[in-house]
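Thank you all for making the time this morning.

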Amino acid sequence: QKGPFQVRRIWVAYSGGVDSHVLLQRCATLRSELPEIAGALHIHHGISASADQWEQHCQRVCEHLDIALTVRHVDLPEGEGLEDRARRARYEAMQAVLQVGDVVALAQHQDDQAETFLLQALRGGGPRGISAMPAVAPLGQGALIRPLLEYSRQSIMEYAHAKQLQWVEDDSNQDQRFDRNYLRHEIMPVLQARWPSAAKTLSRTAAHTASLMRIADELLQDELKGFTGSREHTLSVKALQSVPFAKSSLLVRALCQQQGLPMPATAQLEELLQRQLGAESDRQILVTWPGGEFRRYQDDLYVLRPLPELMGKNWQYHWDGMQTLEIPEMHGCLELKPNHGAGIRKSLVTQGLVVRPRTGGERCQPEGDNHHRELKAIFQIYQVPPWERERLPLIFQDGELLAVADIVVCQQASAAQGEEGYLVTWQSFD
């Protein structure tokens with residue numbers, strides 16, 4: 001992570017298998033030299049018929065080591081293959097547990113790193129992909145660490161036998177329908193028969209690539225400033241079109257990293273940069289990938305998390321303006337903050353407000369404007385992207401529109417100079 005990161009507590013991801021048992025046992029042995037051990041974290045996927053027995057085993061081991069066990073049951077999302085879905089569910093569960101200053105320790109080792117490198121290379125992964133697994137990476141409010149990356153599977157097994165540890169075996173680890181298992185059982189033994197240090201060497205190659213990517217990321221973050229659009233966290237379409245695809249794709253990926261989004265595949269970048277961005281500037285663009293999407297408005301390219309679906313328009317809230325108003329239908333909340341000479345007049349707020357979505361036909365004379373305008377025109381004047389327009393709550397009183405979220409206050413509702421008023425704040429949950 002950039003900048004200092006003060007580790008306050010350590011969680012140990014504990015599946016019950018040999019690798020995570022060794023890691024947990026070592027943390028327990030060294031607890032006097034480590035930050036506070038928050039506990040072991042066991043993710044119960046419910047995939048295997050033995051999942052409940054594994055949880056019970058983890059509980060017994062943690063009681064023996066005097067380490068608290070936290071169990072999280074997860075439902076696998078729809079979509080990719082089973083391995084990918086299980087991994088995503090694990091990381092989401094771990095992220096939900098972490099607080100500021102927390103790290104979660106994972107037991108992936110040198111052989112896992114070599115397998116990841118090969119998998120990424122065989123799937124056509126770029127430099128970031130073949131960098132494989134970082135030793136330290138941000139996760140939610142905390143970070144994840146992989147302290148065993150320099151240790152081989154053989155050394156971990158030798159340690160486990162020497163300490164007479166007991167662990168569970170996941171039968172699915174033998175199922176060669178999964179790519180990683182096929183590599184582990186069929187390919188790596190052949191490579192190591194010819195090159196005994198293959199796992200160590202491949203892991204080192206991944207580390208070299210990761211070092212280069214860290215340098216590139218730092219350089220790209222600086223260069224992003226020269227490609228920023230009219231809004232923060234956007235890129236200028238014209239600026240992207242002025243450079244070769246190789247550079248523009250790196251810049252887009254750098255913005256994704258800055259936003260904490262998963263990396264788009266090359267196919268999505270080609271669709272965006274080589275085809276869609278060349279269209280007319282008023283054409284709406286949407287390119288999606290798991291965990292993110294590209295949208296365009298005028299010269300700005302936005303990199304966003306997938307927008308949640310709106311929950312209909314048949315709703316309204318009566319609001320006194322004094323409390324924060326949560327609007328789950330729009331995935332956000334409204335708040336009024338006292339202010340002299342700006343915002344909605346206090347005398348109107350005290351009479352009570354009604355909040356509802358846009359339904360069509362609403363008009364408003366924005367403060368300082370000489371004309372009443374339809375909302376479509378107002379959105380164009382204030383350069384509100386099309387996908388945000390249906391996600392802005394409208395504030396009424398007695399059927400008269402007073403304000404459009406925190407975009408505009410209508411003239412008749414606006415506090416005069418020196419008059420008490422309330423500024424509108426609209427905050428999206430996502």
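Let me begin with a question: is C58 buried or exposed? C58 is buried, with a relative accessible area of 0%, where buried means under 20% relative accessible area, exposed means over 50%, and partly exposed lies in between, with a 1.4 Å probe and protein chains only.

Before I go further, please keep in mind that this is a predicted model, in which local features need pLDDT of at least 70 and side-chain atom pairs count only at pLDDT 80 or more, while totals for chains, interfaces and linings use all residues. Residues are numbered from 1 along each chain as its sequence is written, and side-chain values use heavy atoms, with hydrogens and water left out.

Staying with C58, its sulfur is 6.4 Å from the closest cysteine sulfur, that of C62, which is too far for a bond, given that a disulfide is a pair of cysteine sulfur atoms within 2.5 Å. By this rule the count comes to 1 disulfide, and C364 and C410 form a disulfide with their sulfur atoms 2.1 Å apart. C364 lies in strand β16 (residues 363–364) and C410 in the loop between β20 (408–409) and β21 (420–428), so the pair ties together parts that are 46 residues apart in sequence. Helices (H or I, at least four residues) and strands (E, at least two) are DSSP runs, numbered from the N terminus. C364 counts as buried at 1% relative accessibility, and C410 counts as buried at 0%.

Now to the interior. A nonpolar core is a set of buried Ala, Val, Leu, Ile, Met, Phe, Trp, Tyr and Cys residues joined through side-chain atoms within 4.5 Å. The largest one has 34 residues, and those with the most contacts inside it include W319, I327 and L334; strand β19 (residues 400–404) gives the most to this core, with 4 residues. A second, separate core of 26 residues includes V12, Y14, V61 and L148.

If we turn to I327, and take contact to mean heavy atoms within 4.5 Å, then, not counting residues up to four places away in sequence, I327 touches several residues, among them W315, C333 and W426. C333 is itself buried, with a relative accessible area of 16%.

Finally, for the chain as a whole, there are 14 helices and 21 strands, and of its 430 residues, 44% count as buried.
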